[in-house]
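Please read the numbered points alongside the sequence and the model.

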Amino acid sequence: MALFGSDNKTKNSLDGLWIKCNNCGEIIYKKEVEKNLRVCPKCNYHFRLSSREWIDILMDQNSFHELWPDVESIDPLDFKDRTRYRDKLKEAQKQTGIKDAVVTGYGLINELFVYTGIFDFNFMGGSMGSVVGEKIARLIETATAAQSNLLIVTSSGGARMQEGIFSLMQMAKTNAALSKLNRSRTLYIVLLTDPTTGGVAASFASIADIIIAEPKALIGFAGPRVISDTIGQKLPDGFQRAEFLLEHGMIDMVIERTVIKKTIAQIIRLLGMTDKKTGQP
Ligand SMILES: [Zn+2]
């Protein structure tokens, strides 16, 4: 995320034409990276994407319709640390152009209808507070009622501390909605992108019908240092990376971004609802 779009810190002498890869450090022609869906052509590093960029990659052109774009947090605890939570929210809204850390809606993927929720890590680290939980729960309920397909793309540091217990409650709320989905015919796919951790990883992100991850994405509940200190052991190489989780049966597949749209469409054709009108409000 840091190397794209409106990030002023990267506007240096390279003048926006070239970018430096976060992983391999190579200087690459920006257009080449963009053509490659923001994957480094030298080392296959998958740059983080905004929710808008994901919509462009996944959804058929002009097919996405946003649902509940104006739901906003009311700062239930009147929380303040170094800055007030409500000021932080305003700042994040100004920087990202969205009201909270997930964008929800519906649209078509290779002409197949899906309800979709896409996290935006640029908005307070994709953290889940009452708004994110509410929008995800509504999305699950809407997809269930319509017996349609559901795709959630995650990128999150976890629960939103500034909302305390209201934030943690969202884990139970979203999972309760999913238990109803589980009894319906609705197909639920999750795409885990870097990073998916904390309360999001520990709730709806881990119990989809099909769990896909991007290469090398960090996925886990607590950070590696906390785990290592708690169990008093050195952790294996690649612990909490997508490939390690695949090897240990925690996820179903690791898919390159360049073929992700095609792959999701294939899964829907095999397991989901294929009538393009299915679920359309
Ligand atoms: Zn690279």
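**Notes on the predicted model**

1. The protein chain is divided into domain 1 (1-47) and domain 2 (48-271), with bounds that come from an automatic or database domain assignment. This is a predicted model, in which local features need pLDDT of at least 70, side-chain atom pairs count only at pLDDT 80 or more, and totals for chains, interfaces and linings use all residues. Residues are numbered from 1 along each chain as its sequence is written.

2. The C-alpha centres of domain 1 and domain 2 are 24 Å apart. Eight residues of domain 1 are in contact with eleven residues of domain 2; two residues are in contact if their C-beta atoms, placed from the backbone, lie within 7 Å. On the side of domain 1 that touches domain 2, four residues are nonpolar, three are polar and one is charged. In this classification Ala, Val, Leu, Ile, Met, Phe, Trp, Tyr, Cys and Pro count as nonpolar, Asp, Glu, Lys and Arg as charged, and the others, Gly among them, as polar.

3. Helix α4 (residues 130-146) has 17 residues and reaches 24 Å from its first C-alpha to its last, close to the 24 Å expected at 1.5 Å a residue. The expected span of a helix is 1.5 Å times one less than its number of residues. Helices (H or I, at least four residues) and strands (E, at least two) are DSSP runs, numbered from the N terminus. Just after α4, Q147 takes a positive phi of about 50°.

4. The buried residues of α4 include V131, V132, I136, L139 and I140. A residue is buried if 20 or more other C-beta atoms lie within 10 Å of its own, exposed if 12 or fewer, and partly exposed in between, with C-beta atoms placed from the backbone. Among the elements that cover the buried residues of α4 are β4 (102-109), β5 (112-119), β6 (149-156) and α5 (164-182).

5. Helix α5 has 19 residues and reaches 29 Å from its first C-alpha to its last, close to the 27 Å expected at 1.5 Å a residue. In α5, the residues S167, Q170, T174, A177, L178 and L181 are buried. Their cover includes α4 and β7 (187-197).

6. How do the two helices pack? The axes of α4 and α5 come within 9 Å and cross at roughly 5°, which makes α4 roughly parallel to α5. Axes are lines fitted to C-alpha atoms, for helices over the stretch in contact, and angles run from 0 to 180 degrees between N-to-C directions. Angles under 35 degrees count as roughly parallel, over 145 as roughly antiparallel, 65 to 115 as roughly perpendicular and the rest as oblique. Residues of α4 including I136, I140 and T144 meet residues of α5 including Q170, T174 and L178. By class, the contact of α4 with α5 has nine nonpolar, six polar and three charged residues.

7. Strand β7 contains P195, and a cis peptide bond with omega of about -15° joins D194 and P195. Most residues other than glycine have a negative phi, and most peptide bonds are trans. L191 also lies in strand β7 and is buried, with 28 other C-beta atoms within 10 Å. Leaving aside its neighbours within four places in sequence, L191 is in contact with L151, V153 and I212.

8. Which loop residues have a positive phi without being glycine? N62 has a phi near 60°; N62 is in the loop between α2 (51-58) and β3 (65-67) and is exposed, with 8 other C-beta atoms within 10 Å. K216 has a positive phi of about 65°; K216 is in the loop between β8 (210-213) and β9 (219-220) and is partly exposed, with 17 other C-beta atoms within 10 Å.

9. R241 is found in the loop between α7 (224-231) and α8 (242-247). R241 is partly exposed, with 19 other C-beta atoms within 10 Å. Leaving aside its neighbours within four places in sequence, R241 is in contact with K216 and L218. L191 and R241 are 50 residues apart in sequence and 14 Å apart in space, C-alpha to C-alpha.
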